[in-house]
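I opened this notebook to keep track of what I looked up, going from confidence to the chains and then to their contacts.

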Amino acid sequence: MTKYIIKRLVMAVLTVFIVATLTFFLMNAVPGGPYEAEKSISPQAKAALEAKFGLDQPLFTQYLTYMKNILHGDFGPSLKQRGREVIDIILTKFPVSAKVGGLSVLVSLIVGIPVGCIAALNRGKASDSTIIVIATIGIAVPSFVVCSLSMYLFGVKLGWLPTVGLMSWKNYIMPVFALSFYPTAYIVRLMRSSMLDALGQDYMRTARAKGVSEAVSLFKHALRNAILPVVTYVGPMMAYTLTGSFIVEKVFTIPGLGGEFVSSITNRDYMMIMGTTIFLATLMVFINFVVDIVYKIIDPRINLK
Amino acid sequence: MKRFPLSFQLKAEDFLPASDAEKQELVVMRESVGFWKDSLRRLVRNKVAMVSLVVIVIIMFFSFIVPSFYPYSYEQQQKGAENMRPMTYSQEEQARIDAGEKVFPHFLGTDKLGRDYAVRIMVGSRISLTVGLIAAAIILFIGALYGSIAAFFGGWVDIIMMRIVDIIYTIPDVLLIVLISFAIRRPLEQLSEQPAFHWIHTVGPNLVSIFIVFALLYWVGMARIVRSQVLVLRESEYVTAARALGAGNGRIVRKHLLTNCIGTLIVTTTLQIPSSIFTESYLSFLGLGVAAPLPSLGSLASSAINGMNTYPYLLVAPAVLISLIILSFNLFGDGLRDAFDPKMKK
């Protein structure tokens, strides 16, 4: 067990390191720099700015300095939003994204698991086929389609829900709906097939034969086994909600980290790109790491070697 | 000659050549059904898959063939025909109709620059389909090659190659796709100025950068599948049997490994198409995909969002079409998987 955890941890750190290095050289490979677009800046001022942020140094020196600072937890200042530290921006924007993302993950689990089970228990009936059809359509519709169409329908046409910002709880309904749409549909399909699988197993027949009540056999025997594939999906689902927020935050003008990431790329804010990339990559890799470990703990059949 | 009933003595008449009537009795009643025929039969019987195939063919016809003889082109701007509703005519066109001329209707109206929206949608879905098909081909090529090399050599080569796959697998893909497609756009544009690389200009630097991104990141899933397939097949009994019967490497690869892999390869590649289309529309929606004036379904939807109060059909049309394309490819891929999976045989 310890050996496995250490191995996975090394892989995780290596992945974050590779992502950071790749990002650093990729963004520097793009011709032009953060101050090219600002015409008003004089050459002297530009040189002074570049000297201030160390952009005049050779690329590899910049890389080494940056990596050293990162290890000390120093993400550097933002190049475009003057006087603000990258880490401050991330820490003020991330809770907004995390709230929407976390709610979406919760919603898709709370809706997806029971609906999938219901479909499996009613196999072949009308309710089952209805659920399958909706879920199949659900995984085919891109998030930006869900976003924009729900915004048109509920925000503009019916006027039920506000379309901009995050002022009240009503503002959360549409972004959370749009963001949890795909994962919910996916979990329903996953849960249905794994539940059908579990229901056909020998241990279910044994449970019934020895007189265990239907409820206990369902919850204790079938559900516990059927839910395992859903646990493995939690990692990718978190990654999906994090990156899906790029779109959702753009459409609903939510001041979160996803929108910040996209605009920092178009603005060439090197420090901001690096900071957000490393932050998001670490988050995703860490979540995947935890999910993997949890999975191995709750399923004793899996060999830890 | 009288014989004892339990005698082992052989009868001479048992060894006579068979008569034609006897031969006829032994002919197999049904033609033997090969792998392809069998799979095809199961596929054709699957109604959902066949309907999605028809939908795909219709969409392909409209996106690849119809625009070439459509009376409007996707970049042609008509003055005085801006922001028209579906099936309406501008003043100039109305005048021509009154004069007895025939004017081709704008089925979906026009956008704010006076471009016919129906043809833009068609060209947009052409871009999406092209991205999906070419990306799937690239992924199939790289993934199959990488996976089979890893499985074939085994040992240390395999371990190192698969560690690389593991790391690429855990890298958050969309994050890097956004970065890479942004980073390699300008270098590609510069490269396309050079005489030998003019083809980049005709294809469009953005499209090429999307292909490069897919080629760099998305082959890992395919490589894993191919490797595990080859590893299992290499050890299977019929390969050993074929080898024992004196079959050479070429025959084993052609007759046994490839035919048993090909179902999985086809299914994985088909299911890769919608996921590539998905990613391309995502990038275009964020403004990092195909550049103007070339439309893509994602960028069409993105630019329609601001005007959706007054012109909702500009948003609904590309949104519905992209969902339909992804849905039909998903369903067709599922049908293929059911058809090629021998465990599904009933």
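In which helix of chain B is confidence lowest, and in which is it highest? I found that confidence in chain B is lowest in helix α9 (residues 198-203), at a mean of 66, and highest in helix α3 (residues 47-69), at 88. The scale here is pLDDT, the predictor's confidence in each residue, from 0 to 100. I noted that helices (H or I, at least four residues) and strands (E, at least two) are DSSP runs, numbered from the N terminus.

Before going further I wrote down that this is a predicted model, in which local features need pLDDT of at least 70 and side-chain atom pairs count only at pLDDT 80 or more, while totals for chains, interfaces and linings use all residues. Residues are numbered from 1 along each chain as its sequence is written, and chains are lettered from A and ligands numbered from 1 in the order in which they are written.

Chain B averages a pLDDT of 79, and 88% of its residues score at least 70. For the model I recorded an ipTM of 0.75 and a pTM of 0.78.

Next I turned to chain A, where I counted 12 helices and 0 strands. Its C-alpha atoms fill a box of roughly 85 × 55 × 30 Å, taken along the principal axes. Of the 305 residues of chain A, 36% count as buried, that is, they have 20 or more other C-beta atoms within 10 Å of their own, with C-beta atoms placed from the backbone.

I then looked at where the chains meet, and 37 residues of chain A are in contact with 33 residues of chain B, contact being C-beta atoms, placed from the backbone, within 7 Å. On the side of chain A that touches chain B, α1(A) gives the most, with 10 residues. By class, this side of chain A has 30 nonpolar, 6 polar and 1 charged residues; Ala, Val, Leu, Ile, Met, Phe, Trp, Tyr, Cys and Pro count as nonpolar, Asp, Glu, Lys and Arg as charged, and the others, Gly among them, as polar.

My last entry concerns a helix pair in chain B: the axes of α11 (residues 219-234) and α13 (residues 249-285) come within 10 Å and cross at roughly 155°, where axes are lines fitted to C-alpha atoms, for helices over the stretch in contact, and angles run from 0 to 180 degrees between N-to-C directions. Angles over 145 degrees count as roughly antiparallel, and α11(B) and α13(B) are therefore roughly antiparallel to each other. The residues making this contact include M222(B) and I225(B) of α11(B) and L257(B) and N260(B) of α13(B).

Terms used: Two residues are in contact if their C-beta atoms, placed from the backbone, lie within 7 Å. Angles under 35 degrees count as roughly parallel, over 145 as roughly antiparallel, 65 to 115 as roughly perpendicular and the rest as oblique. A residue is buried if 20 or more other C-beta atoms lie within 10 Å of its own, exposed if 12 or fewer, and partly exposed in between; C-beta atoms are placed from the backbone.
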